[in-house]
Amino acid sequence: MIRLRPAARLLLLVVLLLVTFLLAVRLGAVRLEVGQVLDAVLGRGDPTTVAIVRGLRLPRAVQTALVGAALAISGATFQALLRNALADPYVLGVSSGAAVGAVAAVGFGLAVSPWTVPAAAFVGAVVAMFVVFRIAAGAGPALDTRTLLLAGVVASAFFNAVILLALTFADAEAFRSAIFWMMGSTAGASWPRVLALLVYLVPGLLVLLALARPLNLMAVGERTAAYLGTRVARTRLLAYATASLVTAAAVAVSGAIGFVGLVIPHVVRLLWGSDNRFLLPASALLGASFLMLADAIARTVAAPAELPLGVVTAFVGVPFFAWLLRRRPAAL
Amino acid sequence: MGWRAANLVFRYPGAATNALDGVTLDVPPGLCTALIGPNGAGKSTLLHTLLGTLTPRAGEVWLESRPLAEWTRVAMARRVGVVPQGEDAPFPMAVRELVAMGRYPHLGAWRREGDRDRRAIAEAMRLADVEELAERSLATLSGGERQRARLARALAQEPAALALDEPTVALDIQHEMTIFELLRTLSREGRTVLLVTHHLNLAARYADRLVLMHRGRVAAAGTPAEVLVRERVEAVYGWPVAIVPHPGPGPDAGAPQVVALSAAGRL
């Protein structure tokens with residue numbers, strides 16, 4: 001569609017990211033001008049504006065961008081790894097595991113500090129990851145990707161049943177917060193959360209980028225990849241664990257935001273092809289921009305009320321994706 | 001660059017019988033060897049065992065006189081190019097992208113293509129005659145074109161040996177012959193070629209050596225004239241045949257050709 005060199009495309013996506021970032025910081029209950037934002041970042045001007053920008057808008061924009069990047073890159077990884085266009089970051093049960101953790105924390109009245117629910121969600125996600133892994137590994141030593149996919153689907157179904165059971169007995173308050181959490185929101189953004197996310201995202205991103213070429217080969221076929229020099233079992237395990245941990249970290253701070261991880265990699269693929277060396281970083285950049293934009297819309301259209309982020313990502317993303325799919329059907 | 005295998009035994013999980021039941025064979029360097037035999041004889045299983053993607057229960061494989069266990073996948077990929085069966089990329093990909101994958105064993109995860117890699121890719125695409133298809137998406141190619149693209153990928157590895165699993169299955173005469181002619185050229189240039197094929201007559205013309213598999217064992221190995229003996233072929237395939245010389249003209253005149261008779265030929 002747009003014929004640019006890969007480096008130029010990435011640069012374009014970086015520019016898009018910066019523009020969206022500025023927009024996300026400017027928009028909100030109080031609309032700010034670019035000058036005001038810059039002043040506030042430097043600590044000048046109106047103290048209220050400084051507090052809004054430094055304490056609320058910036059951490060929220062950064063966290064939203066990181067979550068978007070994390071979901072998009074792990075979605076792209078799972079699609080390549082499972083050789084399945086329908087795979088998303090949640091396909092292996094990480095999100096429902098996280099939801100069980102969060103709902104349990106809320107239900108047992110553990111939501112005392114801003115950290116307990118995310119921590120419980122993260123534990124739930126990691127437990128889910130191990131359960132799925134155990135089920136799949138029990139079926140055979142080679143960790144077949146189809147078995148992995150099936151294990152993820154049944155584990156998700158089980159965790160969802162657990163959530164529904166817990167919600168049946170939850171009080172209204174716990175119910176509301178659990179639902180809000182399951183739809184996803186970056187309203188609770190803070191610098192410590194950004195930091196916690198970075199601890200997982202930065203090494204995760206590097207590992208996944210190093211796996212880009214082996215993942216390209218594995219998309220053609222696992223045997224082919226082996227014949228071209230890939231250590232298939234190691235690549236599979238590393239990609240699976242890394243993408244799951246990155247997803248778990250994102251879900252733990254922002255809930256299970258849907259759609260980003262499924263569709264952003266497809267958008268990049270439709271525009272620029274499926275080479276993972278480009279697809280992975282490009283998905284991360286576009287996912288970050290897309291989620292910041294969706295969050296800006298979620299905060300502003302019904303202000304002062306805030307829409308659930310997952311609703312906005314679907315409302316904005318689905319029509320766009322349908323349009324793109326109609327224009328380039330042969331490419332998918 | 002040749003293989004040797006001794007007493008290979010392999011059984012698929014849950015199977016009642018051994019897919020390989022004591023296979024000993026020699027794939028000499030610089031020649032073209034064809035594995036032939038009926039469906040389920042163990043040809044593909046043997047190929048995968050020789051290439052290390054299946055691990056035998058017993059027996060040993062040597063590649064270039066070193067036990068297969070001592071080879072890393074990367075080291076093997078630098079020496080052996082493989083054209084496997086049944087690839088199906090779930091996402092669109094251009095032919096050149098596929099061929100460039102052959103450089104992975106030389107480049108690893110990070111290094112970019114250099115002049116030498118680009119030359120190897122261009123040369124491989126020239127040999128396999130897919131230069132014109134470079135920018136085409138794999139999904140738009142015919143079966144023959146796709147198979148040539150895969151062959152180009154294996155050639156881009158700059159291997160000393162090529163292994164192919166039924167490279168011409170479902171191809172028409174022209175595409176099939178193109179691939180066999182190319183394999184002959186590659187073999188004449190000194191590469192070892194090992195292929196699995198159902199095509200007895202092409203194997204008899206283009207291979208220096210045939211290995212006839214039957215129920216997980218080697219029924220016969222040697223030159224085409226030594227292996228394609230009427231009684232043996234009839235016993236292995238369970239069908240009456242006649243063995244006739246290739247009528248020519250051409251370099252294959254006189255090569256033994258298997259003609260399957262009608263069932264009444266049993267008489």
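This is a predicted model: local features need pLDDT of at least 70, side-chain atom pairs count only at pLDDT 80 or more; totals for chains, interfaces and linings use all residues.
User: Let's start with chain B as a whole. How many helices and strands are there in chain B?

Analyst: Chain B contains 10 helices and 12 strands. Its C-alpha trace spans about 65 × 45 × 35 Å along the principal axes.

User: What does the radius of gyration of chain B agree with?

Analyst: It agrees with a compact globule: for 267 residues one would look for a value near 18 Å, and chain B has 19 Å. Of the 267 residues in chain B, 41% count as buried. Among contacts in chain B with a separation of 6 or more, 64% join residues 24 or more positions apart.

User: Now a sheet, please. In what order do the 6 strands of the open sheet in chain B lie?

Analyst: The general idea is that strands of a sheet pair through backbone hydrogen bonds, either parallel or antiparallel. In chain B, the order is E6-E7-E8-E3-E9-E10, and the pairing is mixed. Strand E6 (80–83) and strand E10 (217–222) of chain B are the edge strands, each pairing on one side only. On average, neighbouring strands here are turned by 15° against each other, direction ignored.

User: In which sense do E9(B) and E10(B) pair?

Analyst: Strand E9 (residues 209–214) of chain B pairs with E10(B) in the antiparallel sense, over 5 bridges. To find one of them on screen, look for Met213(B), whose bridge partner in E10(B) is Val218(B).

User: Over to helix packing. How are H3(A) and H9(A) oriented to each other?

Analyst: Two packed helices are described by the angle between their axes and the distance between the axes. In chain A, the axes of helix H3 (residues 47–81) and helix H9 (residues 212–220) come within 8 Å and cross at roughly 40°. H3(A) and H9(A) are therefore oblique to each other.

User: Which residues of H3(A) and H9(A) meet?

Analyst: Thr77(A), Ala80(A) and Leu81(A) in H3(A) meet Leu215(A), Met218(A) and Ala219(A) in H9(A). By class, this contact has 5 nonpolar residues, 1 polar and no charged.

User: Finally, how many residues of chain B are in contact with chain A?

Analyst: On the chain B side there are 19 residues, in contact with 24 residues of chain A. Helix H2 (73–79) and helix H4 (104–107) of chain B are the elements giving two or more residues to that side. H2(B) gives the most, with 3 residues. The side of chain B that touches chain A has 14 nonpolar, 2 polar and 3 charged residues.

Note on methods: Residues are numbered from 1 along each chain as its sequence is written. Chains are lettered from A and ligands numbered from 1 in the order in which they are written. Two residues are in contact if their C-beta atoms, placed from the backbone, lie within 7 Å. Helices (H or I, at least four residues) and strands (E, at least two) are DSSP runs, numbered from the N terminus. Ala, Val, Leu, Ile, Met, Phe, Trp, Tyr, Cys and Pro count as nonpolar, Asp, Glu, Lys and Arg as charged, and the others, Gly among them, as polar. Axes are lines fitted to C-alpha atoms, for helices over the stretch in contact, and angles run from 0 to 180 degrees between N-to-C directions. Angles under 35 degrees count as roughly parallel, over 145 as roughly antiparallel, 65 to 115 as roughly perpendicular and the rest as oblique. Two strands pair if DSSP finds at least two bridges between them. The radius of gyration is taken over C-alpha atoms; the globule rule is 2.2 Å times the number of residues to the power 0.38. A residue is buried if 20 or more other C-beta atoms lie within 10 Å of its own, exposed if 12 or fewer, and partly exposed in between; C-beta atoms are placed from the backbone.
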